[in-house]
Amino acid sequence: MVWMVTVVLLFLSSQTLCTNPALKVRVTQNALDYGRQVGMQVLQEELKKINIPDQRGRARRLRYQISRIHIRTFNIARSTMAFSPGTGMKLSLDNVFIAVRGNWRMKYRFIRDSGSFHVSVNSLSVSELIRMSSDQTGRPAVKSAGCRANVGRVRIKLRGGASWLYNLFRRPLERRFRSLLNRQVCLLTYIVTANIDRIAEIDYSLVNPPVVTRNFMDLDFKGEFYNIGRHQEPPFTAGPLSFPEQTNHMMYLAVSEFFFNSAAFVYHRAGALQINITDSMIPESFPIRLSTSTFGGFIPQLKELYPEMLMLMKIRSLKPPVLRMTPDSITIAVTGAADTFAILPNSSLAPLFVLNLDVSVSATPSLSGDKLTGSLEIKRCYLLFATKIAVLPKINALLAKGYPLPSLDRLSFVNPAIKVKEKFLMIATDIKYRL
């Protein structure tokens with residue numbers, strides 16, 4: 001119950017094997033403590049919605065049925081949740097009080113009677129060992145490695161009907177409730193995944209077993225982009241990732257260069273890294289126009305062959321862009337080409353020339369909700385006016401939409417701090433679950 005909320009806050013996704021993860025997540029004891037607190041609040045509300053099945057039985061010649069069973073009160077005096085090294089997590093609930101109400105109906109020979117009942121359960125304790133593993137598809141799964149529930153005292157008060165019949169089936173009902181609670185208190189749960197657009201999807205799969213210590217748990221996710229419906233590995237691999245020994249925040253994420261470069265490989269391979277630029281995309285106040293008149297100053301033949309004509313420029317990548325991270329710096333190198341055309345009076349295109357492009361871009365990462373976003377700034381480009389005015393705003397608009405990190409609906413990062421390290425991006429954050 002409580003652990004369902006905590007675990008769902010922390011783990012996600014699917015699986016394939018690779019040497020190193022592109023995304024590493026560390027969950028600390030602070031996250032478990034927060035998840036336990038939130039779980040208590042959620043549990044209070046969710047238990048009130050549980051539909052407990054009707055129960056039937058008999059005691060001697062007495063037949064009875066209890067129905068419309070619902071939990072009215074649920075209080076936990078003490079709860080703890082901690083990492084269990086080598087396994088997962090251990091949850092303990094102590095001195096739990098539960099109040100249940102419902103209706104009863106009975107038949108004794110020719111006598112029928114009915115009324116309502118109130119059940120109080122005192123000194124209920126639960127100890128659950130939760131193992132983090134993966135299912136047959138490779139998705140992370142949360143499994144019970146052992147659960148022990150001890151129902152202390154159960155008392156039933158019956159109202160309505162003939163009082164002299166109460167004691168005939170009060171004790172059988174108390175035994176049935178005790179047995180029902182012992183069976184229902186121990187539960188399991190499982191987790192889900194993430195996706196992007198019509199071109200790419202991200203494989204957030206565990207590539208190594210979780211590493212669990214007394215203070216934290218590390219999860220290694222593949223973190224690789226693929227073309228939808230066609231998985232092809234890029235001609236490079238992910239490097240090793242490691243965390244500094246920090247546990248002050250609830251969660252730490254390390255995102256490697258491979259994460260971004262696999263995205264560049266996928267979008268280049270899909271032919272998505274291209275854009276058409278026309279003169280209408282350049283502000284009117286800008287002195288350089290995309291026309292044969294402007295470029296005729298550099299290539300005089302243009303004015304003679306195609307006088308006073310607008311031009312079309314098709315910019316495309318020649319190979320996947322390459323992102324590099326060094327401490328406090330991110331640069332992206334792009335090699336491309338600009339195919340230029342004159343737009344003839346009948347709207348057909350006449351090829352003019354090809355410009356090779358060598359672009360160097362600096363990137364600034366940021367977080368928006370559970371998505372990794374960013375913006376670019378051109379450092380060097382031979383066709384600066386076109387890329388800066390027409391291309392860069394479109395790219396930044398796409399980057400602003402962000403790439404989803406492993407997360408869950410209603411879970412958000414709180415006060416995240418981003419630091420660029422050697423070959424990876426470090427995110428330290430707390431988390432918040434919206435009730």
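Start with Asp-339: at 15% relative accessibility, Asp-339 counts as buried. Buried means under 20% relative accessible area, exposed means over 50%, and partly exposed is in between, with a 1.4 Å probe and protein chains only.

Ground rules next. This is a predicted model, where local features need pLDDT of at least 70 and side-chain atom pairs count only at pLDDT 80 or more, while totals for chains, interfaces and linings use all residues. Residues are numbered from 1 along each chain as its sequence is written, and side-chain values use heavy atoms, with hydrogens and water left out.

Which residue does Asp-339 meet in a salt bridge? Arg-316, at 2.6 Å from N to O. A salt bridge here is a side-chain nitrogen of Lys or Arg within 4 Å of a carboxyl oxygen of Asp or Glu. This pair links distant parts of the chain: Arg-316 is in strand β15 (residues 311-317), Asp-339 is in strand β17 (residues 329-343), and they are 23 residues apart. Helices (H or I, at least four residues) and strands (E, at least two) are DSSP runs, numbered from the N terminus. Arg-316 is partly exposed, with a relative accessible area of 32%.

By that rule the count comes to 9 salt bridges. Take Asp-328 and Lys-419, whose closest N and O atoms are 3.2 Å apart. They sit 91 residues apart: Asp-328 in the loop between β16 (322-326) and β17, Lys-419 in strand β21 (residues 411-420). Asp-328 is exposed at 55% relative accessibility. Lys-419 is partly exposed at 40%.

Next, Asp-279 with Arg-289, at 3.1 Å between the closest N and O atoms. Both lie in the loop between β14 (274-278) and α5 (292-295), 10 residues apart. Asp-279 counts as buried, at 15% relative accessibility. There is also a network of salt bridges, linking Lys-222, Glu-224 and Glu-233.

Now strand β1, residues 23-28. How many of its residues are buried? 6 of 6. In a regular strand the side chains alternate between the two faces of the sheet. In β1 both faces are covered. Leu-23, Val-25 and Val-27 are on one side; Lys-24, Arg-26 and Thr-28 are on the other.

Look at the partners of β1. Two strands pair if DSSP finds at least two bridges between them. β1 runs antiparallel to strand β11 (residues 216-221), joined by 6 bridges. Leu-23 has Phe-221 as its bridge partner in β11. β1 also pairs with strand β13 (residues 251-256), again antiparallel, over 5 bridges. There, Arg-26 stands opposite Tyr-252.

On to helix α4, residues 257-269. Its 13 residues should span 18 Å at 1.5 Å a residue, and the end C-alpha atoms are 18 Å apart, which agrees. The expected span is 1.5 Å times one less than the number of residues. α4 is mostly covered, with 11 of its 13 residues buried. Among them are Phe-258, Phe-259, Phe-260 and Phe-265.

What caps the N-terminal end of α4? Ser-256, with a side-chain oxygen 3.2 Å from the backbone nitrogen of Phe-258. After α4 comes Gly-271, with a positive phi near 75°.

Last stop, helix α6, residues 301-305, which holds Glu-304. Glu-304 is exposed, at 65% relative accessibility. Its C-alpha atom is 9.9 Å from that of Ser-293, 11 residues away along the chain.

That's my tour. Over to you.

Terms used:
A polar contact is a pair of N or O atoms within 3.5 Å; within protein, one must be able to donate a hydrogen and the other to accept it, and residues adjacent in sequence count only if both atoms are side-chain atoms.
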